[in-house]
Amino acid sequence: MSPRLTGDETVLWQAAARVLDANWTGSATVPSPGLYPHQWSWDSAFVCLGLARHRYERAEAELASVLRGQWSNGMVPHIVFNGKVARHAYFPGPELWRSRGSPAAPKDVETSGITLPPIQALAALRLHAASPDAERSRAFLRVIFPRLAAQQRYLATARDLGGAGLVSICHPWESGMDNSPAWDRPLAAVRLPPLRYAPGARPLSAPTGVDYDRYVWLVTAFRDAGYVDGHLRDEHPFAVEDPLVNGMYLASLQALSELAEVVGEDALPYREEAVRVREALLERLWDPDQRCFRALDVRTGKAVPAVTVAAFGPLLDPGLPAHAVRGLADLLLSSRFAGSAGYPVPTCDIQAAAFDRAAFWRGPAWISTNWIVWAGVRQHGLGAVADLIHGSTLRLVRQSGFREFFDPFDGTGRGGHDFSWSAALVLDLLAARREGR
Ligand code: GLC
């Protein structure tokens with residue numbers, strides 16, 4: 001028999017469900033009302049996991065909505081704009097990206113021109129596993145499989161900027177960890193021409209100043225080159241292989257191989273590609289001294305100095321070798337991460353000079369990265385470590401609500417309120433407990 005939720009857990013479940021209901025626009029979920037009024041692609045994949053436990057049909061609609069924004073080259077954009085929202089309600093909005101100017105962009109919806117960690121295939125597989133109706137779910141997967149396959153092809157070709165089989169991000173925003181200390185060095189090397197945009201509204205909790213100007217300049221450089229692949233390969237100054245992005249890419253490749261079997265496609269190419277990506281990941285991003293993964297600056301060929309929570313991303317790979325799993329578990333439990341934070345997992349090594357307990361992606365715990373670490377250690381059989389992260393994640397939201405991010409020492413909530421992925425992933429964590437998974 002599955003264990004039941006306790007009274008406290010039921011209250012938490014209902015509160016999380018209310019957040020998802022309130023943030024539903026009719027066809028998709030906003031990450032946080034007011035602050036992020038459109039659809040973000042990795043947010044929506046996390047949201048799917050919660051909706052699958054709450055309102056299953058909406059979970060499929062959520063994924064379908066983000067894939068409506070997919071470009072003809074396979075890229076799944078990081079933001080799909082809601083045409084009903086005032087044009088200046090969010091910066092950088094459609095006026096910065098000008099997606100309609102690109103022949104590859106969809107015509108019926110405006111989007112950004114860059115991507116986010118590719119977790120849609122993984123989300124689709126988990127959705128299928130939670131489906132109350134396997135036949136209906138298979139029909140849905142048959143529709144979206146070609147899109148997920150196209151996304152993978154895009155990443156494997158246009159984004160292999162290092163030429164060794166890994167995905168490069170061409171903008172810090174593509175990592176989802178916008179202001180991580182991992183980008184400090186590659187970003188500092190970007191030479192900034194005079195300001196080309198009117199400084200306007202920017203996300204409340206996002207960084208300001210010269211870094212933000214670099215972020216915007218990287219967008220305009222890519223946009224003004226027509227968003228063509230050749231620009232990223234030959235001219236674009238920012239290209240980084242990140243372990244979180246590549247860990248998710250690898251997990252999505254595995255998921256694609258399983259989805260291929262469900263929909264009657266050939267699974268072998270995805271399995272073979274996963275083997276190649278795993279080898280490249282270990283070859284290029286594994287640091288044998290610190291026994292963890294670090295991002296690689298493709299433009300200089302050097303590893304970035306910062307050790308961040310992205311180090312744990314490859315735990316999502318079911319085939320990660322035991323020595324790497326052990327190294328990552330030791331780091332996670334050390335005083336650099338969970339060992340000295342009351343509310344793990346901090347997003348940056350606590351002992352690093354760049355660590356900041358309150359700053360956007362430079363120290364605070366986020367529910368999304370906690371969920372990744374939890375799912376990763378769990379699938380590698382580290383049950384006690386998984387329970388630690390599960391418990392600390394629920395404590396964060398019990399204490400401070402469904403905030404955007406949290407102080408890793410005392411659990412104080414920061415950034416946006418009623419944050420969708422915080423609510424959705426809590427539903428997934430509670431469902432895992434209820435089902436004894
Ligand atoms: C911020 C986060 C990013 C997220 C977005 C919407 O930009 O850094 O990861 O996708 O907000 O929630």
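**Notebook: loops, cavities and the ligand site**

I started with Val345, which lies in the loop between α12 (322-333) and α13 (367-379). The bond from Pro344 to Val345 is cis, and its omega is near 15 degrees. I note that the model is a predicted one.

I went on to another cis bond. It runs from Phe91 to Pro92, with omega near 5 degrees. I placed Pro92 in the loop between β2 (79-80) and α4 (94-97).

Then I checked Arg291. I found its phi near 50 degrees, which is positive although the residue is not glycine. Arg291 belongs to the loop between β5 (286-287) and β6 (292-293).

**Cavities**

Rolling a probe the size of a water molecule over the atoms shows where empty space is left. I searched the whole structure and got five cavities of 30 Å³ or more. I wrote down about 290 Å³ for the largest cavity. Its lining has 22 residues. Nearest the centre of the largest cavity I listed Tyr36, Trp40, Tyr90, Asp178 and Phe360. What classes make up the lining of the largest cavity? I get 17 nonpolar residues, two polar and three charged.

**Ligand**

Where does the ligand sit? I find the ligand in the largest cavity.

Asp178 has a polar side-chain atom 2.7 Å from an oxygen atom of the ligand. For Trp42, I read 3.0 Å between a polar side-chain atom and a ligand oxygen. For Tyr36, a side-chain N or O atom is 3.5 Å from an oxygen atom of the ligand. How much of the ligand's accessible area does the protein cover? On its own the ligand has 310 Å², and the protein covers 96% of it. I also note that Tyr36 and Asp178 are among the residues nearest the centre of the largest cavity.

**Largest pocket**

Last, I looked up the largest pocket. I have its volume as about 410 Å³. It is lined by 24 residues, and Ser27, Phe81, Asn82, Gly83 and Lys84 are closest to its centre. How does the lining of the largest pocket divide by class? I count nine nonpolar, nine polar and six charged residues there.

Definitions and conventions. Residues are numbered from 1 along each chain as its sequence is written. This is a predicted model: local features need pLDDT of at least 70, side-chain atom pairs count only at pLDDT 80 or more; totals for chains, interfaces and linings use all residues. Side-chain values use heavy atoms; hydrogens and water are left out. On a 1 Å grid over the protein atoms alone, a cavity is a set of points where a 1.4 Å probe fits but cannot get out, and a pocket is an open set with protein on both sides within 12 Å along at least five of seven lines; lining residues have an atom within 4 Å of a point. Grid points are joined across faces, edges and corners, and a volume is the space filled by probe spheres set on the points. Ala, Val, Leu, Ile, Met, Phe, Trp, Tyr, Cys and Pro count as nonpolar, Asp, Glu, Lys and Arg as charged, and the others, Gly among them, as polar. A polar contact is a pair of N or O atoms within 3.5 Å; within protein, one must be able to donate a hydrogen and the other to accept it, and residues adjacent in sequence count only if both atoms are side-chain atoms. Accessible areas come from the Shrake-Rupley method with a 1.4 Å probe; for residues, only the protein chains shown count as cover. A molecule sits in a cavity or pocket if more than half of its atoms lie within 2 Å of its grid points. Helices (H or I, at least four residues) and strands (E, at least two) are DSSP runs, numbered from the N terminus.
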